Amino acid sequence: MTVVVVGAGIAGLACARELGDAGVPARVLERSDEPGGRLASVSLDGRFADIGAAYVTADDPSFQGRLQSWRIEGLARPWTDTFRGQHGPGPMRWSAPAGLRSLAHSLAAGLDITYGTEVTELPEAEYVVLAMPGPEALRIADLPAARDQSWDPVLTAVLTYPRRSWDDFHGMFVNDHPAVATICDDGDRRGDRAPVLVAHSTAQFARDEASDLTRDETSRLTQGGLTQGGLTHGGLTHGGLTQSGLTRGGRPRVGRGGSRDAMVTAVNGVLGIEEAPETAYRLWPYAQPRPLPGDFARSGNVYLCGDVFGRPRVQTAWLSGRAVAEDILRVRSGRPPSSPRRSATS
């Protein structure tokens, strides 16, 4: 292959799409069964809930155009520019009626993608693109730019209540709370008024919870998506965690003291909710990066891209993947690679 892209998150898909549009063969290898990475959605009782990125924002003209295309296709819609707890005017936050993963499926359509493939060494190709967090890239190749990365974890909780009993809101930043950082009204985000909230923990809370997990528990809690058949209703599977890394019903102990109780108590306390919800969890070990300069990193014929190269958001990952594709096209045409101001060359 001319180019092998490892990782079918938004950065890898954007890279492969740009190369394909230019006529350069690119194969994508993805270890999970679906594209999207942290652009993740799961199906609960026939409806989608976003468990990775909470929304999409855009201030780059090219990505604004991409969002408008998704809007025309009915895949994305403007959601809100107002979160409780935000300081000053906020950007327009976009949501996806079928879940944010549907945007990844749109980018993946027609690409050469092999799912369920765990890559442990550099593939043979003219160029290799590692579209993933640095700690994961280090399992494949020892890249200086991967060693330089620093990431914080996040634990996501999906809370399904018997009814909507809280005052209307879109989302909120829970400032200075020890356990919960953000809460989104997923019924408002989807537009169906379902009694579902999605909460994201603070980094320290997720770090403390993860420190008490066994390797097997961590694997279950961090890998895969979720379908209706993957839920456990009222019981426990594999010590409280399903194969997909989420659990529902029962009282699983997840980490130090049981994060189910801690996060439910926090959300109910903040919103004044009295009912107990059914819960589902997903741990993201590499959720919030410390930004690095440039659009991507390059070491020989190996590229590293993702949302670590700029403000950590979906737009950054998309732009990073496209920047790698543009650099590959530049080099293949005989022009010099991008300048160090654009690429964090190693």
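Figure 1. The structure, a predicted model, holds zero disulfides, a disulfide being a pair of cysteine sulfur atoms within 2.5 Å. Cysteine 305 is in no disulfide, and the nearest cysteine sulfur, which belongs to cysteine 15, lies 5.8 Å away. With a relative accessibility of 1%, cysteine 305 counts as buried, where buried means under 20% relative accessible area, exposed over 50% and partly exposed in between, computed with a 1.4 Å probe on protein chains only. Cysteine 184 is likewise buried, its relative accessible area being 0%. In this predicted model, local features need pLDDT of at least 70 and side-chain atom pairs count only at pLDDT 80 or more, whereas totals for chains, interfaces and linings use all residues. Residues are numbered from 1 along each chain as its sequence is written, and side-chain values use heavy atoms, with hydrogens and water left out.

**Figure 2. The chain as a whole.** The secondary structure of the chain comes to ten helices and 16 strands; helices (H or I, at least four residues) and strands (E, at least two) are DSSP runs, numbered from the N terminus. Of the 346 residues in the chain, 53% are buried. Among contacts between residues at least 6 apart in sequence, 67% join residues at least 24 apart, a contact meaning heavy atoms within 4.5 Å.

**Figure 3. The open five-stranded sheet.** Five strands form an open sheet in the order β10-β11-β12-β9-β13, with antiparallel pairing; two strands pair if DSSP finds at least two bridges between them. β10 (171-173) and β13 (278-289) are the edge strands, each of them pairing on one side only. On average, neighbouring strands of this sheet are turned by 20° against each other, with direction ignored. Helix α7 (residues 203-211) packs on the sheet, where it touches β9 (151-160), β12 (196-201) and β13, and the direction of α7 makes about 90° with that of β9. Axes are lines fitted to C-alpha atoms, for helices over the stretch in contact, and angles run from 0 to 180 degrees between N-to-C directions.

**Figure 4. Strand β12 and the pairings within the sheet.** Six of the six residues of β12 are buried, so that this strand is mostly covered. Val196, Val198 and His200 point one way from β12, while Leu197, Ala199 and Ser201 point the other way, and all are buried. In a regular strand the side chains alternate between the two faces of the sheet. β12 pairs with β9 in the antiparallel sense over five bridges, and leucine 159 stands opposite leucine 197 in β12. β11 and β12 also pair in the antiparallel sense over five bridges, with serine 201 in β12 as the bridge partner of valine 180. The antiparallel pairing of β10 with strand β11 (residues 180-185) runs over three bridges, and methionine 172 stands opposite isoleucine 183 in β11.

Figure 5. Helix α10 (residues 314-332) has 19 residues and reaches 28 Å from its first C-alpha to its last, close to the 27 Å expected at 1.5 Å a residue, the expected span being 1.5 Å times one less than the number of residues. The buried residues of α10 include Ala317, Gly321, Val324 and Ile328. Just after α10, glycine 334 takes a positive phi of about 95°. The axes of helix α2 (residues 61-72) and α10 come within 10 Å and cross at roughly 110°. The two helices α2 and α10 are therefore roughly perpendicular to each other, since angles under 35 degrees count as roughly parallel, over 145 as roughly antiparallel, 65 to 115 as roughly perpendicular and the rest as oblique. Ser62, Phe63 and Arg66 of α2 make the contact with Val314, Gln315, Trp318, Leu319 and Arg322 of α10.

**Figure 6. Helix α3 and its surroundings.** Helix α3 (residues 101-108) is mostly covered, with six of its eight residues buried, namely Arg101, Ser102, Leu103, Ala104, Leu107 and Ala108. These buried residues of α3 pack against α1 (10-21), β3 (41-44), α2, β7 (112-114) and α10. Just after α3, glycine 110 takes a positive phi of about 85°. Valine 42 is found in strand β3 and, at 2% relative accessibility, counts as buried. Valine 42 and glycine 52 are ten residues apart in sequence and, C-alpha to C-alpha, 9.7 Å apart in space.
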